[in-house]
Amino acid sequence: LIMVVLCVIAGVLIANFNNNDRVIRMYNNLSNADRFTFSMEEVNSDIKYKMKISQRGKDVDIDMDSDGDRTSTLILNDHAYYISHSEKQYYDYNGENIDGDIILSGLKEAVGKEYISGKEYIEGKEYYYEEYSNITSFLILLDDYDEEVVKTRFYFDGDDIVYIKNIAKINGKIDDEILKTNLKYEANDSLFEIPEDYSEMEF
């Protein structure tokens, strides 16, 4: 009987362990991945904003679309290019040092930090979340915020991240933004090339 009770307790502890630290597990998986694509899309703002970060080894493509105006920052072998897709032009940063490791450096802020967990409904479905304080890397449209009152919630469906909510204090009031997210461990090679019909910007 004692052995049965111990096995049940161990099973509960293992189940709870497996359900926790999902942000850290995601960070570890991404750190070991050869390539991935992480996308975020604003869902509760009048501004239609999308960001997609694709990484292949050290090569990074940061694709942004704000109300239909699409631009990219492409980093190849530590060499950076700014691309305007509407103009079909690109600008060579000429070797300037630009950090494109947005996702990993943002998630690394959570390593070693305490968090609170809970459940919340978003768009009619309940999700498990882990909430961290003072992580600012995932703020998109919130600005002029009080740095001491910033919280970021990472929502999961199983082990898959599905939403990020940023909560901040702005001008004495609490505001938030919700980002619909998607993570895939793949990245199309075509993203790491400047289209042949694009011309270099002249200044």
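Which side chain meets Arg-70 in a salt bridge? The side chain of Asp-63 does, at 2.8 Å from N to O. This is a predicted model. The structure holds 12 salt bridges.

**Strand β4 and its surroundings**

- Strand β4 covers residues 69-76. Of its 8 residues, 6 are buried, so the strand is largely enclosed by the rest of the structure.
- Strand β3, residues 59-66, pairs with β4. The sense is antiparallel, and the pairing runs over 7 bridges.
- Ser-66 has Asp-69 in β4 as its bridge partner.
- Strand β5, residues 79-84, also pairs with β4. Here too the sense is antiparallel, with 6 bridges.
- Thr-71 stands opposite Ser-84 in β5.

**Two hairpins**

- β3 and β4 form a hairpin with 2 residues between them. Asp-67 sits in the turn and has a positive phi of about 50°.
- β4 and β5 form a hairpin as well, with 2 residues between the strands. In this hairpin, Asn-77 takes a positive phi near 50°.

**The Arg-70 and Asp-63 pair**

- Side chains of opposite charge can pair when their charged atoms come close.
- Arg-70 and Asp-63 meet through their side chains in a salt bridge.
- Is Asp-63 buried or exposed? Asp-63 counts as buried, because its relative accessibility of 9% is under the 20% cut-off.
- Arg-70 is partly exposed, with a relative accessible area of 33%.

**The Glu-120 and Lys-165 pair**

- The side chains of Glu-120 and Lys-165 meet in a salt bridge of 2.7 Å, N to O.
- Glu-120 lies in strand β7, residues 116-122, while Lys-165 lies in strand β10, residues 160-170. The pair therefore ties together parts that are 45 residues apart in sequence.
- Both Glu-120 and Lys-165 are buried.

**The Lys-125 and Asp-157 pair**

- Lys-125 forms a salt bridge with Asp-157. Their closest N and O atoms are 3.2 Å apart.
- This pair links distant parts of the chain, 32 residues apart. Lys-125 belongs to strand β8, residues 125-133, and Asp-157 to strand β9, residues 145-157.
- Lys-125 counts as partly exposed at 40% relative accessibility. Asp-157 counts as partly exposed at 36%.

Conventions
Residues are numbered from 1 along each chain as its sequence is written. This is a predicted model: local features need pLDDT of at least 70, side-chain atom pairs count only at pLDDT 80 or more; totals for chains, interfaces and linings use all residues. Side-chain values use heavy atoms; hydrogens and water are left out. Buried means under 20% relative accessible area, exposed over 50%, partly exposed in between (1.4 Å probe, protein chains only). Helices (H or I, at least four residues) and strands (E, at least two) are DSSP runs, numbered from the N terminus. Two strands pair if DSSP finds at least two bridges between them. A salt bridge is a side-chain nitrogen of Lys or Arg within 4 Å of a carboxyl oxygen of Asp or Glu.
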